[in-house]
Amino acid sequence: MDRPLLNRRLAEFGTTIFAEMSALAVRTNSLNLGQGFPDADGPEEIREAAVRALRDGRGNQYPPGPGIPELRTAVAAHQQRFYGHLGLTCDPDTEVLVTAGATEAIAASLLALLEPGDEVIALEPYYDSYAACIAMAGGTRVPVTLRPDPERGAYALDLDELRDAVTDRTRLILLNTPHNPTGTVLSRDELAEIARIARERDLLVITDEVYEHLVFEGEHLPLASFPGMRERTVTIGSAGKTFSFTGWKVGWITAAPELVAAVRSAKQFLTYVSAGPFQYAVAEALALPDSYFTALRDDLRTKRDILARGLTDAGFLVYRPAGTYFITTDIRPLGFDDGFAFCRALPERAGVVAIPNAVFYDHREQGAPFVRFAFCKSADVLQDAVGRLKTLAG
C-alpha cells in the first residue's frame with residue numbers, strides 16, 4: 001500500500017521503551033530496574049480471594065459494566081476512610097467506575113471529555129501513555145515542565161508557567177501526583193493554586209493518583225477535595241501499585257455522576273468489562289487494615305533509601321523522590337549526557353537496566369541527561385544492583 005498503515009495520530013509512537021529495555025534485561029541477564037513492577041506478589045489472602053472467586057463462579061462471566069457492586073462499594077469506602085476528613089466521599093452506584101487498570105481509565109476519560117483540537121496541559125516529564133491517549137482523542141498536549149533543582153535534590157512545578165499555558169483552547173489539565181517519573185508530591189499550596197486556575201478558567205482536571213499510598217514525605221491530597229473541584233475532577237486509582245498485583249489490571253475512576261456517565265460512554269467501547277474474579281479480590285484488598293498500608297509505605301521508603309545511597313555512591317546525582325516507585329538521576333557527573341545511549345550500554349557495563357527519562361518529554365533534549373530507576377524490588381535485588389553499579393564509579 002502507498003499510504004502509511006498507522007494513522008497519523010499515532011505515527012510518533014512506536015514500541016514502548018519499557019518493552020525494549022525489558023527485552024534487553026532478559027537478553028543480557030541483567031537486573032531490571034526499568035519497568036515499575038514488583039518482583040514479589042501482594043498479600044497471600046488477596047491472592048486466595050481471587051482463587052476463591054474463580055472456584056465459586058464469581059466473575060467468570062461478564063461482570064456488570066460499571067464494575068461489580070462489591071468493588072464499587074469498597075472504592076467508595078476507601079475514599080471515605082482515607083479522605084473523608086477532607087470532605088471527599090462518593091456514591092458507589094453513580095460516582096465509581098471500574099476500569100482495566102489506570103491506563104484504560106486515562107484513555108476513556110480523555111476520549112470522553114476531549115473534542116478534536118482541545119488542548120490538554122500535562123506535567124512533563126509524563127508517563128508515555130498520556131501522550132498517546134491525548135493523540136488518540138484528537139487533543140493537543142501542552143507540556144508544563146517540572147524543573148530539576150540540584151540543590152534541593154527534587155523537581156519543582158512553576159505555577160506561573162502552568163497559569164500561562166492556559167489558553168481559550170484548553171479543555172483540561174492532566175495531573176499526576178505523586179508524580180511518575182520524578183517522585184514529586186504536589187503540596188497543599190500547589191494544589192490549591194491548580195484548583196484556583198481550573199475554577200477561574202472553567203477547566204476539567206483528570207488526576208492520576210495511583211501512587212496515593214506511596215508517599216514518603218509530605219501528604220497525598222486528592223484535588224477533588226479542594227473547594228469547587230469535585231464537580232470538575234476525574235480521580236483515577238488503581239490496585240496494581242498499592243497491592244503489588246500489576247498484572248490484574250484493576251483500576252477505577254471516582255467523579256461526579258455526570259463525569260462518570262461521560263467516561264463510561266467511552267469505556268464501554270474499549271474493554272467493555274475486565275478482570276471479573278480479580279474485582280472481588282481487590283474489593284477485599286481495599287478493606288485491609290491500616291497496618292498494611294503503613295507497612296507498604298515504610299518498606300518502600302527503606303528500599304528507596306538503599307537505592308538512593310547506592311546510586312549516589314556510584315557517582316549519580318540523585319533526585320530523592322517524595323513518593324512513587326522511582327528515582328530519577330542525572331548521569332552527567334559520570335561523564336555522560338545521553339540517557340538513551342547510557343541505558344542501552346548499562347546492561348553490558350553493569351548488569352542493570354534503567355529507563356531514559358527523555359521518553360517522558362515532548363522536547364527530549366530537556367530529559368536527555370536523566371535516567372530513572374525503579375526500587376519496587378526486593379532488598380536483596382537492590383543491594384545486588386547497588387554492588388553492580390559501583391563499578392561505574394571506578
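User: Happy to look at this with you! How many cavities of 30 Å³ or more does the structure hold?

Analyst: This is a predicted model, so local features need pLDDT of at least 70 and side-chain atom pairs pLDDT 80 or more, while totals for chains, interfaces and linings use all residues. Residues are numbered from 1 along each chain as its sequence is written, and side-chain values use heavy atoms, without hydrogens and water. A cavity here is a set of points on a 1 Å grid over the protein atoms alone where a 1.4 Å probe fits but cannot get out. With the cut-off at 30 Å³ or more, the number of cavities is three.

User: How much space lies in the largest cavity, and how does its lining divide by class?

Analyst: The space in the largest cavity is about 100 Å³, a volume filled by probe spheres set on grid points joined across faces, edges and corners. Its lining residues (an atom within 4 Å of a point) include Q79, L88, C90, R230 and T254. Ala, Val, Leu, Ile, Met, Phe, Trp, Tyr, Cys and Pro count as nonpolar, Asp, Glu, Lys and Arg as charged, and the others, Gly among them, as polar. By class, the lining is five nonpolar, five polar and one charged.

User: Which element gives the most to the lining of the second largest cavity?

Analyst: The second largest cavity holds about 60 Å³ of space, and Q79, Y83, E209, E212, T235, I236, G237, W252 and T254 line it. Two or more of these residues come from each of α3 (69-83), β9 (233-238) and β10 (251-254), where helices (H or I, at least four residues) and strands (E, at least two) are DSSP runs numbered from the N terminus. By class, this lining has three nonpolar, four polar and two charged residues. With three residues, the element that gives the most is β9.

User: Where is the cis peptide bond with omega of about 5 degrees?

Analyst: Look in the loop between β3 (119-124) and α5 (128-136), where P125 is found. The cis bond with omega of about 5 degrees joins P125 to E124.

User: What is omega for the peptide bond from N180 to P181?

Analyst: P181 sits in the loop between β7 and α7. Its peptide bond from N180 is cis, with omega near 20 degrees.

User: How far apart in space are S187 and T177?

Analyst: S187 lies in the loop between β7 (170-176) and α7 (188-200). With a relative accessible area of 31%, S187 is partly exposed, as buried means under 20%, exposed over 50% and partly exposed in between (1.4 Å probe, protein chains only). S187 and T177 are 10 residues apart in sequence, and from C-alpha to C-alpha the space is 9.5 Å.

User: Is S244 buried or partly exposed?

Analyst: S244 is in the loop between α8 (239-243) and β10, and has a positive phi of about 60 degrees although it is not a glycine. S244 has 15% relative accessibility, so it counts as buried.

User: And K249, is it buried or partly exposed?

Analyst: K249 is found in the loop between α8 and β10. Although K249 is not a glycine, its phi is positive, about 55 degrees. Its relative accessible area is 37%, so K249 is partly exposed.

User: Lastly, what share of the 394 residues of the protein chain counts as buried?

Analyst: The protein chain has 13 helices and 15 strands. Its C-alpha atoms fill a box of roughly 60 × 55 × 55 Å along the principal axes. Of the 394 residues, the share that counts as buried is 59%.

Note on methods: 1 Å grid on protein atoms, 1.4 Å probe; cavity = no way out; pocket = protein on both sides within 12 Å on 5 of 7 lines; lining within 4 Å.
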